[in-house]
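Dear colleague,

I am passing on the structure we spoke about, with the sequence and the coordinates shown just below.

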Amino acid sequence: MTAADERVPTVIADNAHVIYKIHGSAGGQQQSPLVSFKRIVTRTKAANVREVHAVKGVSFVAYKGEAIGLIGSNGSGKSTLLRAVAGLLPVARGAIYAAGQPSLLGVNAALMNDLPGDRNVELGCLAMGMTPAEVKAKKQSIIDFSGINDRGDFASLPMRTYSSGMGARLRFSIAAAKQHDVLLIDEALATGDAKFRKRSEARVRELRAEAGTVFLVSHSEQSIRDTCERVIWLESGLIRADGATEDVLKEYESFVRK
Ligand SMILES: Nc1ncnc2c1ncn2[C@@H]1O[C@H](COP(=O)(O)OP(=O)(O)OP(=O)(O)O)[C@@H](O)[C@H]1O
């Protein structure tokens, strides 16, 4: 048996399309209930629904142990694709299959602003399925990893008193405390300072070594180079290239320079 035969797929996207429906985008008046009812019964499309076709038929297979960078221009569909892999957005056509429950770690991940950092660590860990005993054992190392206490006892202060970088670091630290089958990271690494970035990149490498699959959306070519050996380049909702990091980055750079 060759090494290629042993590769275990963790995410399969098969011609996946994601379409956002924006209701009330015409800015017109509210429709009367009778008109809406007639529309539902006759199955006609509402006049004021607009669609944004953000991902237009994307196919790839991701394997255990891979770290895959997602790059592309603003609005090319990177975050949308991650959200679809996480199961947070439905695919309109095609399919996405994922092993286990992929966890999306974004700078917008929901933590409670009015609760202190340490309470958020507890709640975040419980939400990821840890037992109270595991949470207790891991809490301090998560706070230490995030570095939020480097300049005083911030862990006991509400998260609204944190800078955006501190919040992002805590979110990353909570999510990275667990071994994920598929970890999806949306720009989170770019928000921390250089020291934290190094630490989080090292953790991404560990997560890979523990045989998970990591997807990283980033505009920082350095982060992508340091963490990923494979890159998928999206442009206008389509895959322009999928391959070894250096090859795809080279192609992307010459596209950006044009
Ligand atoms: N909630 C939404 N409702 C409607 N359209 C959306 C929504 N979120 C994103 N879009 C649209 O989907 C397309 C892809 O957006 P997406 O955020 O996935 O791009 P991105 O590649 O992550 O961009 P960036 O690099 O700027 O973060 C864009 O045209 C955007 O306007």
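One place to begin is V231, which, leaving aside its neighbours within four places in sequence, is in contact with I68, G69, I71, I224, T245, V248 and L249. Please keep in mind throughout that this is a predicted model.

V231 belongs to the largest nonpolar core, which has 57 residues, and V231 is listed there with L70, V85, L184, F215 and L216 as the members that touch the most other members. The largest share of this core comes from helix α5 (residues 164–176), which gives 7 residues. As background, nonpolar side chains in soluble globular proteins tend to be buried together.

For the chain as a whole, there are 9 helices and 9 strands, and buried residues make up 35% of the 258 residues. The C-alpha atoms fill a box of roughly 60 × 50 × 40 Å, taken along the principal axes.

Just after α1 comes R43, which takes a positive phi of about 55°.

Elsewhere there is an open sheet of 3 strands, in the order β2-β1-β4 and with antiparallel pairing. β2 (49–63) and β4 (93–98) stand at the edges with a single partner strand each, so one side of each is left without a neighbour in the sheet. From one strand to the next, the twist averages 25°. Strand β1 (residues 9–23) and β4 run antiparallel and are joined by 5 bridges, and A13 stands opposite I96 in β4. Helix α2 (residues 78–85) packs on the sheet, where it touches β1, β2 and β4, and its direction makes about 70° with that of β2.

The ligand brings several of these elements together in one list. Its surroundings consist of Y20, I22, V52, A54, G72, N74, G75, S76, G77, K78, S79 and T80. At least two residues of this shell are supplied by each of β1, β2 and α2, and α2 gives the most, with 3 residues. By type, the shell divides into 4 nonpolar, 7 polar and 1 charged.

A last point concerns L126, which is found in helix α3 (residues 117–127). L126 has 13 C-beta neighbours inside 10 Å and therefore counts as partly exposed. L104 lies 22 residues away from L126 along the chain, and the C-alpha atoms of the two are separated by 16 Å.

With best wishes

Definitions and conventions:
Residues numbered from 1 in each chain as written. Predicted model: local features only at pLDDT ≥ 70, side-chain atom pairs only at ≥ 80, totals over all residues. Core = buried A, V, L, I, M, F, W, Y, C linked by C-beta atoms within 7 Å. Buried ≥ 20, exposed ≤ 12 C-beta atoms within 10 Å, placed from the backbone. Helix = DSSP H or I, 4+ residues; strand = E, 2+ residues; numbered from the N terminus. Contact = placed C-beta atoms within 7 Å. Pairing = 2+ DSSP bridges. Axes fitted to C-alpha atoms, helices over the stretch in contact; angles between N-to-C directions. Near = placed C-beta within 6 Å. Nonpolar A, V, L, I, M, F, W, Y, C, P; charged D, E, K, R; others polar.
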